[in-house]
Amino acid sequence: MARLTLCRGLLGVVAATLVAPVAAQDDSGGFLEEIVVTSSKQESTLQEIPVAVTVVSGEELKLSQVQDIKDLQFLVPSLRVTQLQSSGNTNFLIRGFGNGANNAGIEPSVGVFIDGVYRSRTASALSDLPNLERIEVLRGPQSTLFGKNASAGVISVITAKPSLNETTGSASLTFGEYSQVLVKGEVNGPLSDTVGFGLSASYNQRDGYYDNLAGGDPLGELNRYGVRGQLLLLPSDALEIRLIADYDDFDEACCGVANLLNGPTGGAILATGGNLVPESPFAYQGYYDFTPVNQFETSGISAQVDYDLTDTITLTSITAFRSLSRFDNVDIDFTSAQLLDPGTANRTETEIDTITQELRLAGATDSTSWMVGLYLFDEDVEQQTGVLYGTGFRPYADFLTTAQSGGNPFTDPSPLDGLEVALGLPAGTFFAPGQGLLEDSTMDNQAISLFAQIDIDLSDRATLTLGANYTEDEKDVVFDSTGTDVFSAVDLVTVGFGGLFSALTGGQPPTPANFAMFPMQFAQAQALSTVPCTAANAPLCNSALALTPLQFLPPNVDFPNSVENGKSKDDDTTWTVRLAYDVSDNVNVYASAGTGFKATSWNLSRDSRPFPRDQAAIEAAGLNVPNLTYTTRFAEPEESTVFELGMKARWDTVALNVAIFSQEIEGFQSNIFTGTGFNLANAGKQSTDGLELDIRWQPVDSFQATLAATFMDPLYDSFPNAEGIGGPADLSGTQPPGIHEVSITATGQYTFELANAAGFVRGEFIYEDDIQVIENTPASVASREVNTLNASAGLTWDNGYEVMVWGRNVTNDEYLLSAFPSVAQDGSFSGYPNQPRTYGITLRKYFD
């Protein structure tokens, strides 16, 4: 709550500034341009629309050297973007809320729309988009107008339409650090008086910055290209048709993972021929036994038709077909020990085909503006995943188990050898190369939304907005798994029982006849077979249970089955109420409340397991398999609510936007990596109270500065089934890791004339306070504070030539993007370091 006290104090400062701009307008010479937004699906200006939205213009994106949506977080403090083990596993968070990475069954809480078309997975939104007009970031639930997957916010990307007046274009060439070469080109113009076209293409290649000391390619590379074409048709004054087709291809090795804490398994990695760089997260080097593969293609076509039925009523249709194809294979132990088979170390192949259709009717009268609409969504997901053991896993497991049992791992036989003999298995059966787990899953998703919104002018200065959305979402899921990990299927309780029975009976074998002959010893052995050994209770315990942590890939139950039908059907009505009032021609205030909705998310990872509530039914139906664990198949829907007070003020030289909000999500869908897979679960309730401040100041024509800040007080109100440090934990009443209480972005830009050239110098500073990175990794191991500086400068000549030099993270700020318990390395932790300093030069030519 200390942060909220700071926010209240800041409000006083904000109020005091409301008078100052008026006195500063006389001879300043500066004048802020109007910023157009379409975040309400109707055109307005940033200062007029009573919604918490940040707008970044295409010019700002160019001067800031923002190359894709991930870099947008450096200009929007309420937005955080995290890229994990592959280019496509990118997660967007707004006001601390968001999920969706690392699992094709989980749709994001932050909806990404490009030219009005929903991108259902973040991988399909990553692109070197050309000819950007602006990007709008809407903060808080937006389900009323944007449907089921906007419970945390929306990122709306708007590209420029083709021109019908003249042919224009540009070509640029960028050279950057790590041998980066970025080529972009675009041209657009009229084909006739009523038809315009646009064509663009980009190619982006950069070597990796994270060295593989085992001799493979560096990680963190870029290797992508894309093409985009569009047609704009104006058959009449009442009809506009915009057709867009795009294709992007990525083939990259991403991303570097550092050892944060080298636990007791580190010695086993070294002893079995592997290596790692211990506890040096920003050395930007590691050991990998193969180069990761991250390949994906995304493509689509869309058609937007706007038809003026009358002077005041417009019909809009947006139809889109999109496809996403991915192949990832990652060395998930992040060492050079060949614990996993390089060909299928963590292989994932994903195909997602999406069809969307939006119809809306908008109109206005003298005192109202209104909109009604229909949204249809149809998506098919197919995924094949696999993880198989490599040649190094058995020696690694032998070393760990021998050391754990008190033996000499370099000379003594492993307990695994003895267990194989006891079970009558050939030597080397456990963890043989090629054993593991393969899974095939499909998900068919259909959804429909009906929405309506009306703005009612209560007076010349007051407007009431009422909106509602009804969404129905259905998913049908099929999950098939094939487990060949022999050791993970061994019932260690039964193994221990046999040994205990023999010990208690003086060496009698565990046979039915002996069970009848020695009933007391039988009962005692049964009771002791579930008791792990400690220094205090040995030998009256089951020593085999010490091997349980090595049962990484236990058998699973496929579904649909007689207990689990693999179906979910959700529906919800969300709403928006907002009252806006123009205090003066320069200042307006608003109060709003609204709700958001996100449908059930299914776990399509290897940790998709039956719910504990289904255990009795699973066993009664005869579906039980050895060592079956019970966690979750899916996370229930999440529902968000926000209350907000805001002010928007604009004078000639200053624009000031303030929002105070209280936002919560019931049933937040948490997806945390546990060291061998993901735990998908609903948090009972997560809330955030905060303040957002956005100031844009242009005292003279040649200088503009911005200051954007977000202050938040996040809380897990209820999260009893969380994945904490070392296992399950109750995080209720604690601060959610990964959410900064203070985030500040400041920019300054100076423009000047030099002979026949126009020049600029620009700087950006990003600050985020120190936080724990993630729930299941200690803050002492993984914390994050950001103090990043970006800079750029350039000249543009009258003949259309332009040169720009730029630097990203010029102070080489170091922080972690995320962290996790190391894979199959109990007691160790790993993390993703941020990208180091990069710099470059961009040459551009404009044609007209």
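This is a predicted model: local features need pLDDT of at least 70, side-chain atom pairs count only at pLDDT 80 or more; totals for chains, interfaces and linings use all residues.

Visitor: Where does Pro610 lie, and is Pro610 buried or exposed?

Guide: Pro610 is located in the loop between strand E26 (601-602) and helix H11 (615-620). Buried means under 20% relative accessible area. The relative accessible area of Pro610 is 0%, so this residue is buried.

Visitor: What is the C-alpha distance between Pro610 and Val823?

Guide: Along the sequence, Pro610 and Val823 are 213 residues apart. In space, C-alpha to C-alpha, Pro610 and Val823 are separated by 23 Å.

Visitor: How many helices and strands does the protein have, and which radius of gyration does the protein show?

Guide: The secondary structure comprises eleven helices and 42 strands. For 848 residues the globule rule gives 29 Å, and the protein is close to that value, so it is as compact as a globular protein of that length. The radius of gyration of the protein is 29 Å.

Visitor: How far apart are the mean positions of the positive and negative charges of the protein?

Guide: The protein exposes about 32600 Å², of which carbon and sulfur atoms supply 58%. The protein has 43 positive and 105 negative charges.

Visitor: Which residues of helix H7 are buried, and which helices are included in what covers them?

Guide: In helix H7 (residues 415-422), the buried residues include Leu416, Leu419 and Glu420. They cover an arc of only 100 degrees around the axis, which puts them on the same side of H7. Val421 and Ala422, on the other side of H7, are exposed. The cover over the buried residues of H7 includes helix H6 (393-404) and helix H8 (492-504).

Visitor: Which residue is joined to Cys255 by a cis peptide bond?

Guide: Most peptide bonds are trans. Cys255 is in the loop between strand E15 (239-252) and strand E16 (258-261), and its relative accessibility of 10% means that Cys255 counts as buried. The cis bond to Cys255 has an omega of about 10 degrees, and the residue it joins to Cys255 is Cys254.

Visitor: What is the omega of the peptide bond from Ala538 to Pro539?

Guide: Pro539 lies in the loop between helix H10 (519-528) and strand E24 (567-582). The bond from Ala538 to Pro539 is cis, with omega near 5 degrees.

Visitor: What is the phi of Arg95, and what is the phi of Asn809?

Guide: Most residues other than glycine have a negative phi. Arg95, in the loop between strand E5 (90-94) and strand E6 (110-114), counts as buried at 0% relative accessibility. Asn809, in the loop between strand E39 (801-808) and strand E40 (816-821), counts as buried at 6% relative accessibility. Neither residue is a glycine, and phi is positive in both: near 55 degrees for Arg95 and about 55 degrees for Asn809.

Visitor: Which residues are in contact with Thr745, neighbours within four places in sequence left aside?

Guide: Thr745 belongs to strand E36 (residues 742-754) and is buried, with a relative accessible area of 3%. Its contacts beyond those neighbours are Phe74, Leu75, Pro77, Thr706, Leu707, Ala708, Phe765 and Ile766.

Visitor: What is the C-alpha distance between Leu361 and Ala452?

Guide: Leu361 is placed in strand E20 (residues 347-364), and at 26% relative accessibility Leu361 counts as partly exposed. Beyond its neighbours within four places in sequence, Leu361 is in contact with Leu309, Ile313, Thr314, Leu315, Trp370, Met371 and Val372. Leu361 and Ala452 are 91 residues apart in sequence, and their C-alpha atoms are separated by 9.3 Å.

How values were computed:
Residues are numbered from 1 along each chain as its sequence is written. Side-chain values use heavy atoms; hydrogens and water are left out. Helices (H or I, at least four residues) and strands (E, at least two) are DSSP runs, numbered from the N terminus. The radius of gyration is taken over C-alpha atoms; the globule rule is 2.2 Å times the number of residues to the power 0.38. Accessible areas come from the Shrake-Rupley method with a 1.4 Å probe; for residues, only the protein chains shown count as cover. Lys and Arg count as positive and Asp and Glu as negative; His and the chain ends are not counted. The place of a charge is taken as NZ of Lys, CZ of Arg, CG of Asp or CD of Glu. Buried means under 20% relative accessible area, exposed over 50%, partly exposed in between (1.4 Å probe, protein chains only). The arc is that of the directions from the helix axis to the C-beta atoms. Contact means heavy atoms within 4.5 Å.
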